[in-house]
Amino acid sequence: GVTGVQTCALPIWLITSIFRSRQAKRDFGPNDLTIFRKKPLVTEPYGSLPTDIIFVTEKFETGPYWRISDVDKETGDKLRRFWGAVFEAYVNDMITASAVAAGVRFIPDARLASDHNVQICDGLLVEGDAIVVMEYKSSMFTARAKYGGDHVTLRDEIEKKLVRDSADKRKKGVEQLSDAITLLFSDPTREMVKGLDVSGIKRVYPLLITLDGLGGSLLISRLLNIFFTKLASDSKSINRIGVRPLFCTDIEGLEVVLPYLRLLPLSGFLQHWLD
């Protein structure tokens with residue numbers, strides 16, 4: 001059992017026995033941990049014991065989202081809109097505080113100067129002759145895609161939520177970043193964003209920030225950059241300037257870096273990452 005702050009490791013035979021009756025009909029092979037992530041607490045008949053602390057904390061973080069999202073389509077759509085607005089506000093607040101401390105300019109919710117109804121991107125961080133063009137994505141990925149072991153399912157969900165949703169033809173983070181950079185530098189003499197002069201910009205860093213931890217996974221940036229490169233190859237604006245490969249990180253990774261912007265600009269961190 002568990003007493004005080006002590007924890008115990010459940011023997012594999014016990015875990016197997018308890019979960020055998022709960023095992024879903026879908027089985028993605030020996031690496032499938034979806035059932036453990038869906039039911040991270042052993043509650044019967046041995047009390048409440050965690051199979052894995054990380055699985056438990058992850059359940060608290062994402063469980064309410066999926067529970068409400070699955071009520072019905074209308075409720076799910078309302079939740080996702082609200083979820084995205086709150087995440088965008090949170091990221092902007094964090095970057096604003098760090099930018100003020102570092103003495104650099106941050107433009108949240110960058111809008112077209114000639115038409116304020118048109119959003120160019122979620123955020124622009126101007127650091128001398130470098131600019132970080134940012135999009136934030138609050139989409140949560142399904143356990144089946146992340147942990148099921150089927151790379152095709154994972155790839156398709158990444159493309160749908162971070163590149164483009166082909167079903168409703170909605171542009172997502174990667175395509176939005178490509179469009180934003182194309183628009184910003186289509187005419188360097190024209191003021192696309194009020195008060196922003198891009199004529200002196202020599203380095204552009206596209207950055208996608210996700211709420212889901214998948215954004216901080218190994219090689220996710222390289223995968224997304226395959227899509228970004230294809231989009232950028234069709235843009236004369238992007239080809240004229242020094243656009244770096246697309247970077248992707250999750251919010252936790254950004255939270256680690258932001259307090260140090262007084263020592264090194266965000267574009268400097270990204271350049272070190274690329275090097």
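Q: Does Cys 121 count as buried or exposed, and why?
A: Burial is read from relative accessibility, and a residue counts as buried under 20%. Cys 121 has 0% relative accessibility, so this residue counts as buried. Please keep in mind that this is a predicted model.

Q: How many disulfides does a search of the whole structure find?
A: Start with the general idea: a disulfide is a covalent bond that links the sulfur atoms of two cysteines. In this model, the search covers the whole structure and finds zero disulfides.

Q: In what order do the strands of the open sheet stand?
A: To read a sheet, follow it from neighbour to neighbour. Here the order is E3-E4-E5-E8-E9, which makes an open sheet of five strands with mixed pairing. E3 and strand E9 (247-250) are at the edges; each has a single partner strand, so one side of each is left without a neighbour in the sheet. On average, neighbouring strands of this sheet are turned by 35° against each other, direction ignored.

Q: Do strand E3 and strand E4 pair in the antiparallel or the parallel sense, and over how many bridges?
A: For each pair, look at the direction and then at the bridges. Strand E3 (residues 105-112) pairs with strand E4 (residues 115-127) in the antiparallel sense, over seven bridges. Two residues lie between E3 and E4, and the two strands form a hairpin. You can find individual partners too: Arg 105 has Val 126 in E4 as its bridge partner, and Ile 107 stands opposite Leu 124 in E4.

Q: How many bridges join E4 to strand E5?
A: There are five bridges between E4 and strand E5 (residues 130-137), and these strands run antiparallel. E4 and E5 also form a hairpin with two residues between them, and Gly 128 in that turn has a positive phi of about 70°.

Q: Which way do E5 and E8 pair, parallel or antiparallel?
A: E5 and E8 pair in the parallel sense, over eight bridges. Val 133 stands opposite Pro 206 in E8. E8 is also joined to E9 by four bridges, and these two run parallel. On that side, the bridge partner of Leu 207 is Phe 247 in E9. E8 is mostly covered, with seven of its eight residues buried.

Q: At what angle do helix H6 and helix H8 pack?
A: A helix pair is read from its angle, its axis distance and its contact residues. Helix H6 (residues 151-162) packs with helix H8 (residues 220-232) at an angle of about 65°, and their axes are 11 Å apart. The crossing of H6 past H8 is right-handed. H6 contributes Ile 158, Glu 159 and Leu 162 to the contact, while H8 contributes Ile 220, Leu 223, Leu 224 and Phe 227. By class, this contact of H6 with H8 has six nonpolar residues, no polar ones and one charged residue.

Q: Where is the place of Asn 92?
A: Asn 92 is in helix H4 (residues 73-102). With 10% relative accessibility, Asn 92 counts as buried. Not counting residues up to four places away in sequence, Asn 92 touches Phe 106, Pro 108, Asp 109, Asp 122 and Tyr 136.

Note on methods. Residues are numbered from 1 along each chain as its sequence is written. This is a predicted model: local features need pLDDT of at least 70, side-chain atom pairs count only at pLDDT 80 or more; totals for chains, interfaces and linings use all residues. Side-chain values use heavy atoms; hydrogens and water are left out. Two strands pair if DSSP finds at least two bridges between them. Axes are lines fitted to C-alpha atoms, for helices over the stretch in contact, and angles run from 0 to 180 degrees between N-to-C directions. A crossing is left-handed if the near helix is turned anticlockwise from the far one by less than a right angle, and right-handed if clockwise. Contact means heavy atoms within 4.5 Å. Ala, Val, Leu, Ile, Met, Phe, Trp, Tyr, Cys and Pro count as nonpolar, Asp, Glu, Lys and Arg as charged, and the others, Gly among them, as polar. A disulfide is a pair of cysteine sulfur atoms within 2.5 Å. Buried means under 20% relative accessible area, exposed over 50%, partly exposed in between (1.4 Å probe, protein chains only).
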